[in-house]
Amino acid sequence: MIATRPDWCISRQRAWGVPIIVFKCGDCGKHVLTEAMAKRVVEAFNNRGADAWFEMSPAELLGDQARCPHCGGENLSKENDILDVWFDSGVSQAAVLPTREELRWPSDLYLEGSDQHRGWFHSSLLCAVGTKGGPPYKAVLTHGFVVDGEGRKMSKSLGNVIPPQDVIKRYGAEILRLWVAAEDYTDDIRLSNEILSQLAEAYRRIRNTMRFMLGNLSDFDPAKDMVKLEDMGELERFMLQRLNALITTLRSAYERFAFHRVYHELHTFCVVDLSGFYLDVLKDRLYTFHPSDPARRAAQSVIWRLADAMVRLMAPILSFTAEEIWDHLPGAKDIAPSVHLAPFPEPEPTLAQPELAEKWQRLMGVRKAVNTAMDVARKAKIVGNSLEATAEVWAPQDSGLHKLISDNLDSLKEITIVSEFKLVDDIPEPMAEGEEGLKVRIVPNPHPKCARCWMQLPTVGSDPDYPDVCHRCAGVLRRLESK
C-alpha cells in the first residue's frame with residue numbers, strides 16, 4: 001500500500017475540520033506564514049480551540065504580526081481549506097506522545113481495525129518518517145469487526161446489536177473482558193448470547209479451580225511450610241514442569257498479542273491438568289493425611305506455586321478476579337500489595353527435566369487406558385466409584401512398559417484413584433487397551449471400605465481403637481488426638 005499509494009493532497013475543501021493556518025496577502029497575492037505568525041495562531045488555539053480560526057479576524061489572530069513579510073501589506077485573508085483528516089490522525093503521534101510525561105515516542109503499539117491499513121496506520125507512518133525519520137510505533141495490531149453469532153454485521157435494523165452495557169448487567173464485566181480476550185481478533189469477532197453463555201461457564205470453571213486451590217491453602221504458610229523441589233515426589237515435580245510449560249506458552253502469547261491463546265491455554269490447564277487430574281488425585285492427600293505430613297505439605301507447596309503463577313498470568317484479562325484471588329492467597333501481600341504490581345512469573349530452566357516428562361507422559365498413557373476401562377466397568381455396573389475397584393494391567397514381559405509399571409505401582413494407584421493397582425500375568429478379555437501392548441481390566445475390590453478415606457483395604461479394622469478405618473487413617477487419628 002505504501003509503494004503503490006498516489007500523491008497525497010493534504011488540503012480539503014470542506015466547511016468543517018482543522019484549518020490550514022496560512023494567510024494570503026491581498027496586495028502582492030502571495031501566501032504567507034512566518035514562525036512568529038504561527039506562534040500567535042497556536043496561542044489563540046490554546047486559548048479558544050481550533051474554532052478561533054473561524055471566529056477571529058487575521059488582525060485579532062496575529063496582532064502586531066498582521067503584516068505581509070514580502071510587501072509589508074496588511075490586507076491579509078485566511079485560507080479556507082482544511083487539513084485532510086488522515087493528516088490530522090497521522091500527526092497525532094507528534095501532538096500526543098512527546099507532550100505527556102507518562103508516554104514516549106515511538107509508541108509501543110498502534111491498535112485499530114483492519115480498515116486502517118490505508119488510514120491511520122498508513123498516514124502515521126508517512127508523517128513520522130517524513131518528520132522524524134522512523135515509524136511512530138514499535139508494533140501494529142489490527143482486528144476484524146464485531147458480528148453476530150451467524151457472522152452478520154451488527155445493525156439496529158437487524159436487531160442483532162448487543163450493547164456492552166447489557167453484557168455487563170447480565171454477566172458482569174469479567175465475562176465481557178473474557179470475550180474480548182477469547183475471540184481471535186484477526187478475523188471478524190462473533191458475539192451472541194450463546195457465546196457469552198459458554199464463556200460464563202468457562203469462567204466458572206477457572207474461578208472454581210482457583211477457589212479449590214485457595215481452600216486447600218487455608219492452613220499453609222509459604223514462609224514456613226514450603227517444601228523444596230528436591231524434597232518433592234515425582235508427581236509434584238511433573239506438575240511444576242507442566243506449570244513451567246504453561247508460563248512459557250502464555251508469556252509468548254502475550255508478547256504476540258495472541259490473547260485468545262492465553263484464554264484457551266489457561267482454561268485447558270484448569271480443566272484438564274488441574275480439575276481433571278492433579279487436584280482430583282490430591283484429594284486423598286489433602287483430606288486424609290495428617291496436616292503436617294511432608295507429602296501433604298509438598299502437595300500444598302505445588303498448589304501454592306500453581307495459584308501464584310496462574311493469578312499473575314490471568315491478571316491482564318480477568319483483572320478483578322485476579323485481584324480477589326490475590327487478596328486471599330497466603331503470602332501474596334508480602335510480594336506486592338496488588339497482583340497488578342507483581343511481575344509476571346518467569347519460566348525456570350531447572351524444571352524442564354525432559355526425562356521425567358517422558359516417563360510421566362507414559363504413566364499418563366497408562367492412566368488414560370485405566371480410565372477407559374473404568375468407564376466400561378461403570379456402564380456394566382461392575383463398580384460405581386473408582387475406589388471400589390482394583391485395576392489390573394498387563395504389558396509384554398520383555399517390554400519397557402512392563403518395567404515402568406512394575407517400578408511405579410504406588411504412583412499409578414494414586415493417579416488412577418483406585419484402591420488397588422496390580423500388574424498381572426494375563427488378561428484374556430481386556431476392557432481397554434493402550435500403547436505398547438497394554439491391556440486393562442477393572443474388577444471389584446473385595447476388601448472392606450475405610451470410613452475415613454473410602455479406600456477398600458485389607459487393613460480396615462486392624463486397629464482395635466479405630467475399627468472402622470484403615471491402618472493409615474488410624475495412625476493419623478491417633479496423632480490428631482494426641483495433641
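T390 stands opposite V443 in strand β13. This is a predicted model, in which local features need pLDDT of at least 70, side-chain atom pairs count only at pLDDT 80 or more, and totals for chains, interfaces and linings use all residues. Residues are numbered from 1 along each chain as its sequence is written, and side-chain values use heavy atoms, with hydrogens and water left out.

**Strands** (DSSP runs of E, at least two residues, numbered from the N terminus; two strands pair if DSSP finds at least two bridges between them)
- Strands β10 (residues 389-394) and β13 (residues 439-444) run antiparallel and are joined by six bridges.
- Strand β12 (residues 432-433) is also antiparallel to β13, through two bridges; A432 has V440 as its bridge partner.
- Five residues separate β12 from β13 in a hairpin, and E436 in the turn has a positive phi of about 60°.

**Nonpolar core** (buried Ala, Val, Leu, Ile, Met, Phe, Trp, Tyr and Cys residues joined through side-chain atoms within 4.5 Å; buried means under 20% relative accessible area, with a 1.4 Å probe and protein chains only)
- The largest nonpolar core has 99 residues, of which Y278 and M310 touch the most other members.
- A second, separate core of 14 residues includes C25, V32, L62 and L76.

**Helices** (DSSP runs of H or I, at least four residues)
- Helix α12 (residues 259-288) packs against helix α13 (residues 294-314) at an angle of about 160°, with axes 11 Å apart.
- The two helices α12 and α13 are therefore roughly antiparallel (an angle over 145 degrees).

Definitions and conventions: Buried means under 20% relative accessible area, exposed over 50%, partly exposed in between (1.4 Å probe, protein chains only). Axes are lines fitted to C-alpha atoms, for helices over the stretch in contact, and angles run from 0 to 180 degrees between N-to-C directions. Angles under 35 degrees count as roughly parallel, over 145 as roughly antiparallel, 65 to 115 as roughly perpendicular and the rest as oblique.
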